[in-house]
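Hi,

Here is the structure I promised to pass on.

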Amino acid sequence: MITDIKSDVQIQKLQDYQSLDWVGMQRIQSSLRHHENLIPCDLALGVNLIEGHRGIHMSRLYSLMMDYFLQQELTTQGLDQLLTKAITSQEGISTHASLSLTYKLPVKTQALKSGKEGFRNYDVSVSALKVTGESLKVWLKFAVLYSSTCPQSAALSVETFNSQTASPVKTIDRLPATPHAQRSVMECELLLTDKDHFDVNDLLKSFIQIIENTLKTPVQTAVKKADEMAFAVLNSENLMFCEDAVRRVDSELKARIQHKPVELIGYRIKTRHEESLHPHDAVSQKSFNYTFFPN
């Protein structure tokens, strides 16, 4: 058995080897910790490769994942450390490193009136880029489910109601409560810079709550009749076209950038109303100062 292995083909140098934007591993099976929860995740980790070099030291990236990521809390400080070490592990052939992961973030929920507890798993994605000499950049992606009641449909319902009653009410544009209508999806992509270290999952939960509070009608989990009645009132109070939903969230996020509660740089939001009237979806989107993750 050979104990002194000398061959290492991938470190070959040749001027004809062109530079590569990204080399690494995808679909790494890993896990992260969030308070008392151990959460499985799929991880991609890689670096760029400068010209003149055949390949990277890929096994070193996997070892770094084991030492600096596996079963640890997801913080920007930890991500910065991991990606910085990923660059230095390549001994001068890489100048930037990136990471992306997908997983389900567990969140406890509470009914509107009864306080009955429920549970949600939010599909989230976190990406990070470290360029030598620059601050870490982080991308957060998640989706919020909510109920949307069409303003036109609400107005037609009032018109029908008034046409069939002896004392029509002409001064209202909606009924006091409306049945929960179409399930809708608000997809959010946030770009942040790490000037102050933060816990990524705590920040994700915070932004999820911000978006849900802005839309007013997030989907419920466990409910009693009083909760469903309160939800019907909220639907009536918050009639929304897809355009209205995007404008609401756009205004909220833009205000947060101006007041700098966190280092939010830009965002891209897209909503989809899965209409019950049509076989197609109504879609609207808006972006502000947003650049896509490079991989």
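This is a predicted model: local features need pLDDT of at least 70, side-chain atom pairs count only at pLDDT 80 or more; totals for chains, interfaces and linings use all residues.

Let's start with Ser30, which sits in strand E1 (residues 20-34). Its relative accessibility is 9%, so Ser30 counts as buried. Leaving out residues up to four places away in sequence, Ser30 touches several others, including Ile39, Cys41, Met65 and Phe69.

Next, the rings. The whole structure has three aromatic pairs. One of them is Trp139 with Phe293: the ring centres are 5.1 Å apart and the planes meet at 70°, so this pair is edge-to-face. Trp139 belongs to strand E5 (residues 137-148) and Phe293 to the segment after strand E8 (281-288), which puts them 154 residues apart. Trp139 is buried at 2% relative accessibility, and Phe293 is buried too, at 12%. There's also a charge by a ring: Arg120 lies over the face of Tyr122, 4.2 Å from the ring centre.

Now the salt bridges, 10 in the structure. Here are a few to find on your screen:

- Asp80 pairs with Lys130, with the closest N and O atoms 3.6 Å apart. Asp80 is in helix H2 (residues 76-88) and Lys130 in strand E4 (residues 117-131), and both are buried.
- Arg268 pairs with Glu189 at 3.1 Å between the closest N and O atoms. Arg268 is in strand E7 and Glu189 in strand E6, so the pair ties together parts 79 residues apart in sequence.
- Arg256 pairs with Glu252, at 2.9 Å between the closest N and O atoms. Both lie in helix H6 (residues 242-259), about one turn apart.

Cheers

Terms used. Residues are numbered from 1 along each chain as its sequence is written. Side-chain values use heavy atoms; hydrogens and water are left out. Helices (H or I, at least four residues) and strands (E, at least two) are DSSP runs, numbered from the N terminus. Buried means under 20% relative accessible area, exposed over 50%, partly exposed in between (1.4 Å probe, protein chains only). Contact means heavy atoms within 4.5 Å. Rings of Phe, Tyr and Trp (its six-membered ring) pair if their centres lie within 6.5 Å; planes under 30 degrees apart count as stacked, over 60 as edge-to-face and the rest as tilted. A charge sits over a ring if NZ of Lys or CZ of Arg is within 6 Å of the ring centre and within 35 degrees of the ring normal. A salt bridge is a side-chain nitrogen of Lys or Arg within 4 Å of a carboxyl oxygen of Asp or Glu.
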